[in-house]
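Hello,

Here is the structure I promised to pass on to you, and my notes on what was found in it follow below. Please keep the structure open beside the text while you read.

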Amino acid sequence: MESNVKLLVVSGVTWTAALIVCLVFGVEATVAVIVGGAVVNGVMIARCGLGSEDKVEPSDDVERALIQVGEVLDLEGGVLCEALETSGRNINDVVGTSVESLSQSFQGLSARAQEQQSLMHELVAEISGSPGDTDGEAVTLSHFAEEVGTILDDYVKLFVDVSDKSVSAVHNIQDMVQHFDSMFLLINDIRGIADQTNLLALNAAIEAARAGEAGRGFAVVADEVRKLSQSSSLLNDQIREKAEVAKSTITRVEKVVGEIASLDMSIAIDAKGHLDGMLQQLENVNQGVSDGVSKMADASEKTHHDVNSAITALQFADIVSQEVSRLSEKISGLKSALASLPKDRDQVSEFEVSQLKEIVQQRIQASSVVASLSAGEADLF
Amino acid sequence: MAITIKTVSAGCYEISLDETFDFNCVEEFRRAYESVSVKGAAQFIIDFRSTHYMDSSALGMLINMQKYWDGRCSDIRLINTNPQVRKIFAISRFDKKFTIE
């Protein structure tokens, strides 16, 4: 009885070990454990038979043990193998679907990242004005700033020009005033001549009166000369009057021209200062935008790269599904191996330990070939 | 006497300006540079030491002076300019027409 208990324990331990090994190490090891357990069982059964010939009925014990083993194998083994096969299929399905949808998502992500990057580059070109775009139609900030600067320069140049011309005009006006002054001197001279003529005519009239009747005709001439000198003096006064009006008019012109020439430059300086400040700020903003965008472009580039790595990594899912397929195959092998195990005592005698060993060897060889093959495939990635 | 002219060395004359260099100085300034004998001048130095205000007519006066001496004396230096005055010269691109110190 003690050896029967031992047998049952060994059988139970074998199946438990087979389960654990199957989950942890794979099918090849499981087969080995099951077969190993069966061999140990067989040896123990044989020893029971040899050692207890005279004590108990060994054949009954062996038969019962074998029937139990058979039952356990039929029940547990079949169900387990079915469950494992189903799990394998499920894993394959789930992994396949997930990998496909993940792959699609990542490809979409990669496309968006590239789109974002090109949009950023366009934006920068739009704002800062690319060097290739010089047709003048696109209004860029730098182009605008340049235009404003040119306009201000032209404006300053214009009033420097105005000032130059005005000062030149003032010089001419001053020259003219000088000429007027010398003209006044001449007018004074003419007036002196008229006065002297007048005095001369007066003297002539006196002399004519002294001459009596003989000088009467001369007195008329002297009177006429005096009249002429008087009208000459009158004309002289009128000329002086007009010339003075002209001089004061010219002086007023000089004043007006002076006002044109004298523009306060501080407005231009302030404008220029403000413009320079704005240009500097614009430059800073441009620089900031440009930096930010290039950083974003870098980030997009990195995202693109990461997504590509992820897609590459997803290809390893193929290996997983291949492994699962192999696992299923091996489980099928295990199932058929279990099915070919002897069911009763008569068959046990036919079923030799050497046959068992052969099956085990075949399994191990087959699995080692697959293992080396899969290792070789893995190297390809 | 706001604007003065003195001979620094043979052919070199220095014109010292007043506190303001504007339209009121047109006649005086012209008289100063035209007082120099046409043949004798080689260099003019215009001293802005005391000048703190100047309007656009100053630029006109300087251009007219340059025109007057054009071909006879092209070396006109503007010295001791204060920042405000220098700014005006910079904006009006006078730094390309004159030597400014």
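Before anything else, a definition: helices here are DSSP runs of H or I with at least four residues, and strands are runs of E with at least two, numbered from the N terminus. Please also bear in mind that this is a predicted model.

With that definition in hand, one place to begin is helix α5 of chain A, where A:Glu259 and A:Lys255 both lie, four residues apart, which is about one turn of the helix. Their side chains meet in a salt bridge, with a distance of 3.7 Å from N to O, and both residues are exposed. A network is also found in chain A, where A:Asp223, A:Glu224, A:Arg226 and A:Lys227 are joined by salt bridges that share partners. Within this group, the closest N and O atoms of A:Lys227 and A:Glu224 are 3.7 Å apart. Because these two residues are three residues apart in helix α5 of chain A, about one helical turn separates A:Lys227 from A:Glu224. A:Lys227 is partly exposed at 45% relative accessibility, and A:Glu224 is partly exposed as well, with a relative accessible area of 43%.

Over all chains, the structure holds 21 salt bridges.

Let me turn to chain B, which has three helices and seven strands. Five strands of chain B form an open sheet with mixed pairing, in the order β1-β2-β4-β6-β7. The edge strands, β1 (4–9) and β7 (99–100) of chain B, each pair on one side only. Strand β6 (residues 75–79) of chain B runs parallel to β7(B), and two bridges join them; B:Leu78 stands opposite B:Ile100 in β7(B). Of the 101 residues of chain B, 50% count as buried, and among the contacts in chain B with a separation of 6 or more, 70% come from residues 24 or more positions apart.

How do the two chains meet? In the model, 23 residues of chain A are in contact with 23 residues of chain B. The area buried between chain A and chain B is about 1900 Å², and carbon and sulfur atoms give 63% of it. Of the area that chain A buries against chain B, A:His171, A:Met265 and A:Ile269 supply 28%, more than any other three residues.

Polar groups take part here too, with 11 residue pairs in polar contact across the interface of chain A and chain B, both residues of each pair being at pLDDT 80 or more. On the side of chain A that touches chain B, α4 (141–210), α5 (216–261) and α6 (266–314) of chain A each supply at least two residues, and α4(A) gives the most, with 12 residues. Three salt bridges are found across this interface, and one salt bridge between the chains joins the side chains of B:Lys67 and A:Asp164, at 2.7 Å from N to O.

With best wishes

Methods:
Residues numbered from 1 in each chain as written. Chains lettered and ligands numbered in written order. Heavy atoms only, no water. Pairing = 2+ DSSP bridges. Buried < 20%, exposed > 50% of the residue type's maximum accessible area, 1.4 Å probe, protein only. Contact = heavy atoms within 4.5 Å. Buried area = accessible area lost by both parts, 1.4 Å probe. Salt bridge = Lys/Arg side-chain N within 4 Å of Asp/Glu carboxyl O. Polar contact = N/O pair within 3.5 Å; in protein donor to acceptor, adjacent residues only side chain to side chain.
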